[in-house]
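Open the model in your viewer and keep the selection tool ready.

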Amino acid sequence: MSSGYRIWLSPPHLAEGSAAAVAECLQSGWVAPAGPYLDAFEAGLCGLSGRSHALATASGAAAIHLALAVLGVGPGDVVLSSSLTFVAAVNPIRYLGATPVLVGSEPESWNLCPEALATALTALERTGTRPKALLITQLYGRCAQMEALLGLADRYGVPVVEDAAEAVGARWQGQPAGSFGRLSVFSFNGNKLITTGGGGALLTDDPTLAARARKLAAQAREPALHYEHTELGYTYRMSSVLAALGTAQLGAVSAYAECRRAHYVAYQGRLGPLPGVSFLPQRPGAYDTCWLTTLTLDPARSGGVTRAEVSAALQAAGIESRPVWKPMHLQPLYHAAPYYGDGTAQAAFEHGLCLPSGSNLTPEAFDQVCGCVESCFR
């Protein structure tokens, strides 16, 4: 994020005790990616997600790469993925030489659409293609319709990887994000609900997959006193320093989630009455963390006010905002990838705007953001 912004989209925040935890780790000498601080963080992630195994990684993208690798994804394979997501979620498919098949969004949450997924699976079956995996991104702190998506995946025998990078702390029908599918992924990047500055985690209930991922993440070292390697591995383990920082924040997940949910309610209450402005709904059975509050601006009902105009006004006031993710099927990098879906994902990108939503957003800053948006309608 540019240092020129007075109000950030999602500013970094640290729970009380974070600095002390890092200092203690440094004084202990446990800095490398091993030791009690890493063990404690992984145990805490198991508690947060309800999983049996957690592997702290260098990034969320590294965790997705490992998840696909341990499922055996390789050259010539097909992997289904949400189209409306950050590119780091889809690139690991290409790292492994596989082909992404992109699936569109549902209007209620902008997450992967069950109907579009059914269409994609049917079309692939007709060509004799069984996808090697299905990658489901949980967007902006909101879970997808997981029971419907998992049911379709089971019917076609496709293992699921849940990308919960943006949804730490969220729940669907009482089940926490990060607990769905064969494997799941968290991110602790600098703008996430809790942060280690950079980092992620791979989670699973399968001990065989967990052990395989742990080996690959440590350069696939064989169990020998000397450094013996028989296969390709990666330097994907999180450092103990970052793990100490993460452990200190695990207890703050609920507080940060409630704070961001309050931002969503406040934005909806103040900006929702503006013509053409709408917000994603709170759905029955969902606990949304509202990692980022997003508004949608319909220029047909707004008197001609556009998303770009509002974004420019915020930028001029030193307030960072950002369009919703540009769908992968519209990205030059993935323009040739098959896509199954309607125009929902494209409309979200064209008309959706992410507002400042950090856990330490002050009432004064909130008022400045809203005042700037309101000024566009005068």
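What is the order of the strands in the open sheet of 8 strands? The order is β1-β9-β8-β5-β4-β2-β3-β14, and the pairing is mixed. Strands (E, at least two residues) and helices (H or I, at least four) are DSSP runs, numbered from the N terminus. Two strands pair if DSSP finds at least two bridges between them. Select β1 (53-57) and β14 (339-340): they stand at the edges with a single partner strand each, so one side of each has no neighbour in the sheet.

Before going on, note the ground rules. This is a predicted model, in which local features need pLDDT of at least 70 and side-chain atom pairs count only at pLDDT 80 or more, while totals for chains, interfaces and linings use all residues. Residues are numbered from 1 along each chain as its sequence is written, and side-chain values use heavy atoms, with hydrogens and water left out.

**Inside the sheet**

Select residues 133-137 and 160-163. These are β4 and β5, which run parallel and are joined by 4 bridges. Leu134 stands opposite Val160 in β5.

Contact here means heavy atoms within 4.5 Å.

Return to β5 and show side chains. In a regular strand the side chains alternate between the two faces of the sheet. Val160 and Glu162 point one way from β5, and Val161 and Asp163 point the other way. All four are buried, where buried means under 20% relative accessible area, exposed over 50%, and partly exposed in between (1.4 Å probe, protein chains only).

Next, select 78-82 and 99-103. Strands β2 and β3 pair in the parallel sense over 5 bridges. The bridge partner of Leu80 is Val101 in β3. In β3, 4 of the 5 residues are buried, so the strand is largely enclosed by the rest of the structure.

**The other sheet**

Go to the open sheet of 3 strands. The order is β7-β6-β11, with antiparallel pairing. β7 (175-176) and β11 (286-287) stand at the edges. Strand β6 (residues 171-172) is joined to β7 by 2 bridges. Trp172 stands opposite Gln175 in β7.

Now pick Gln173, in the loop between β6 and β7. Most residues other than glycine have a negative phi. The phi of Gln173 is positive, near 50°.

**Two loop residues**

Select Tyr140, in the loop between β4 and α6 (146-156). Its phi is also positive, near 50°. Is Tyr140 buried or exposed? Tyr140 counts as buried, because its relative accessibility is 2%.

Jump to Glu222, in the loop between α7 and α8 (240-249). At 18% relative accessibility, Glu222 counts as buried. Show its contacts: Lys215, Glu228, His229, Thr230 and Glu231, not counting residues up to four places away in sequence. Then draw a distance from Glu222 to Val241. They are 19 residues apart in sequence and 25 Å apart in space, C-alpha to C-alpha.

On a 1 Å grid over the protein atoms alone, a cavity is a set of points where a 1.4 Å probe fits but cannot get out; a pocket is an open set with protein on both sides within 12 Å along at least five of seven lines; lining residues have an atom within 4 Å of a point. Grid points are joined across faces, edges and corners, and a volume is the space filled by probe spheres set on the points.

Which residues lie nearest the centre of the largest pocket? Select Phe86, Ala88, Ser187, Asn189 and Lys192, out of 20 lining residues. The elements giving two or more residues to this lining are α3 (60-70) and α4 (87-95). α3 gives the most, with 3 residues. The space in this pocket is about 350 Å³.

Last, the largest cavity, with a volume of about 60 Å³. Its lining includes Tyr140, Asn191, Trp291 and Arg322.
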